[in-house]
Amino acid sequence: MDNPATLAGSVSVAYLQGLVDHLQRQGVAPAALLAHAQLTPDVLTQRDQRIAASAYLTLLGEAVRYSADDCFGLHLGESVRPGYYGVLGYLIMSCATLADALHRQARYASLVGNLGLVGLDDEPPRPGCEAQVAHTWQPLLAQQQRQLSEETLAGWVSFGRWISGLDIAPTEVRFQHSAPADTSEHARIFRCPVLFDQADNALVFPKRLLAAPLGQADAQVRRMLDAYAERLLAELNQGHSVLDRARLELARQLPEQGPDLETIASALALSPRTLQRRLREAGLSFSQLVDETRQQLVLHYLRDPALELAEIAFLVGFSEPGSLVRAFRRWTGGSPGEYRRHLLG
């Protein structure tokens, strides 16, 4: 399979701001939250910067603990504001129709964060029902999958209702995780059947809604923001940040010699100490970078049924499959075999 290292790894500070603001409204100071990822409030002044995906997920988990809110992700998504999506939020607002907006959301989603893959697909026809589409989300890391998936889909629904002016419920909502003990907040926010233990995370809605006009459409603004978003995407895909470049170099290095800080620093024309400092500014250590990169690669490779576990272990720099199995249990709480059966089932 192709190398997925460019697909995941970082989150925009603008998106992090949404998490910080939501928790601050509950009385938690930004410094107290950010310290759990070795970050300071100064990071919030650099809205064009990015932090590590694992740092965001650590902070999301801590936010759930601070708030004692089992539905924290739902409520965080419900409180979304355009600015939390950065340039993408304002670009979506300027689009002419919902279809235009979703096309751009799928193309530029990584500008907000490389936490998952976005899709828009036709649903299989249902007898007696109008044509439906599914707006899907596939997390790329195992941590906080429930909260992150619920945050994402609740955010889509809330933002979609706001930009379209349509107070219409989805046809159904699907989640891969199991149902929590209390689903009353899911029912309140989505106002439609919410299904759990499903094959995907998805909002399903009538296909005709794709033609719905958006009230703040502005063709001139859209063209300007399209060009800006395209430039930002090109920079992101080229891995201009030290974090992205280190991750790519590490993914190349793992099968050959395993993780080595000095070798990666040399490839990036940095001293080992400078590389460690730059990683720390993104919210993670070198060992955390190795662990996060391995996890992303393993979750990706398990999608290919032709790859044996021993091959995957080699590709991510483990000496034998047992090391991979132990790491996988730490990441997900389950085994690689169970994950692959669920994925392919």
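**Exercise 1.** What volume does the largest pocket have? Identify the residues and elements that line the largest pocket.

*Solution.* The model is predicted: local features need pLDDT of at least 70, side-chain atom pairs count only at pLDDT 80 or more, and totals for chains, interfaces and linings use all residues. Residues are numbered from 1 along each chain as its sequence is written, and side-chain values use heavy atoms, with hydrogens and water left out.

Step 1. On a 1 Å grid over the protein atoms alone, a pocket is an open set of points with protein on both sides within 12 Å along at least five of seven lines, whereas a cavity is a set where a 1.4 Å probe fits but cannot get out; lining residues have an atom within 4 Å of a point. A volume is the space filled by probe spheres set on the points, which are joined across faces, edges and corners. For the largest pocket it is about 890 Å³.

Step 2. Of the 31 lining residues, Gln-46, Asp-48, Gln-49, Arg-50 and Ser-241 lie nearest the centre. Strand E1 (10-12) and helices H9 (219-237), H10 (242-257) and H12 (272-281) each give two or more residues; helices (H or I, at least four residues) and strands (E, at least two) are DSSP runs, numbered from the N terminus.

Step 3. The lining divides into 13 nonpolar, 9 polar and 9 charged residues. Here Ala, Val, Leu, Ile, Met, Phe, Trp, Tyr, Cys and Pro count as nonpolar, Asp, Glu, Lys and Arg as charged, and the others, Gly among them, as polar.

**Exercise 2.** Which element gives the largest share of the lining of the largest cavity?

*Solution.* Step 1. There are 2 cavities of 30 Å³ or more, and the largest holds about 710 Å³. Its lining has 41 residues, with His-135, Gly-155, Trp-156, Val-157 and Gly-160 closest to the centre.

Step 1. Helix H7 supplies the largest share, 11 residues. By class, the lining has 29 nonpolar, 10 polar and 2 charged residues.

**Exercise 3.** At what angle do the axes of H5 and H7 cross?

*Solution.* Step 1. The axes of H5 (residues 87-94) and H7 (residues 145-164), lines fitted to C-alpha atoms over the stretch in contact, come within 10 Å and cross at roughly 40°.

Step 1. H5 and H7 are therefore oblique to each other.

Step 2. Gly-89, Ile-92 and Met-93 in H5 meet Phe-159, Trp-162 and Ile-163 in H7, where contact means heavy atoms within 4.5 Å. This contact has 5 nonpolar, 1 polar and no charged residues.

Methods
Axes fitted to C-alpha atoms, helices over the stretch in contact; angles between N-to-C directions. Parallel < 35°, antiparallel > 145°, perpendicular 65-115°, else oblique.
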